[in-house]
Amino acid sequence: MKTLMVVCGSGVATSTVVEGKIRDFLESKGVLDKVKLLKGNIAEQINNIDDYDVFVSTTVVPDDVKDKVISGLPLLTGMGADKVYDEILQKLDLN
């Protein structure tokens, strides 16, 4: 089972929206049963980034971990969402 963490500033608002969109996308690809989706706030989860196969954030992350994080902002705006979904599948190795 792969793990995917979605974070935002508070762990409530935008992470919930993005988590729902990712859930719908994974379900449409037939792989939702292979992924454990979690959500939380950036302050609590950033130190555990290596515990997850994919880490999606809708807020600013420290420079030293940017290469491990997928920006979830395109999933809120709709601009570039397909690229984000492709990156998620690639990191989950579910292509």
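Analyst: Happy to! Helices, of at least four residues, and strands, of at least two, are DSSP runs numbered from the N terminus. With that in hand, this predicted model reads β-α-β-α-β-β-α-α along the sequence. The secondary structure comes to four helices and four strands.

User: What makes residues 42–45 a helix?

Analyst: A helix needs a DSSP run of at least four residues. Helix α2 covers residues 42–45, so it counts as a helix under that rule. Gln-45 has its place there.

User: Why does the radius of gyration agree with a compact globule?

Analyst: For 95 residues, a compact globule would have a radius of gyration near 12 Å, and the protein has 12 Å, so the two agree. The C-alpha atoms fill a box of roughly 30 × 25 × 20 Å along the principal axes.

User: Why is Gln-45 called buried?

Analyst: Buried means under 20% relative accessible area. Gln-45 has 13% relative accessibility, so it counts as buried. Leaving aside neighbours within four places in sequence, Gln-45 is in contact with Met-5, Val-7, Gly-40, Tyr-52 and Phe-55.

User: And Cys-8: buried or exposed?

Analyst: Buried, because its relative accessible area is 2% and the cut-off is under 20%. Cys-8 sits in strand β1. Not counting residues up to four places away in sequence, it touches Ala-13, Thr-14, Ser-15, Gly-40, Asn-41, Ile-42, Thr-58 and Thr-59. Over the whole protein, buried residues make up 44% of the 95 residues.

User: What about Gly-9: buried or exposed?

Analyst: Exposed means over 50%. Gly-9 has a relative accessible area of 52%, so it is exposed. Gly-9 lies in the loop between β1 and α1. Even so, Gly-9 is in contact with Asn-41, Ile-42 and Thr-59, leaving aside neighbours within four places in sequence.

User: Why does Glu-27 count as exposed?

Analyst: Its relative accessibility is 52%, and exposed means over 50%. Glu-27 belongs to helix α1. Glu-27 and Ala-43 are 16 residues apart in sequence, and their C-alpha atoms are 29 Å apart in space.

User: How do you know which residues Leu-92 is in contact with?

Analyst: Contact means heavy atoms within 4.5 Å. Leaving aside neighbours within four places in sequence, Leu-92 is in contact with Lys-2, Thr-3, Leu-4, Leu-26, Val-35, Asp-53 and Val-54.

User: How many of the contacts join residues at least 24 apart?

Analyst: Among contacts between residues at least 6 apart in sequence, 59% do.

User: What about charge: how many side chains are positive and how many negative?

Analyst: There are 11 positive and 15 negative side chains. The centres of the two sets lie 2 Å apart.

Methods. Residues numbered from 1 in each chain as written. Predicted model: local features only at pLDDT ≥ 70, side-chain atom pairs only at ≥ 80, totals over all residues. Heavy atoms only, no water. Rg over C-alpha atoms; globule rule 2.2 N^0.38 Å. Buried < 20%, exposed > 50% of the residue type's maximum accessible area, 1.4 Å probe, protein only. Lys, Arg positive; Asp, Glu negative; His and termini not counted. Charge placed at Lys NZ, Arg CZ, Asp CG, Glu CD.
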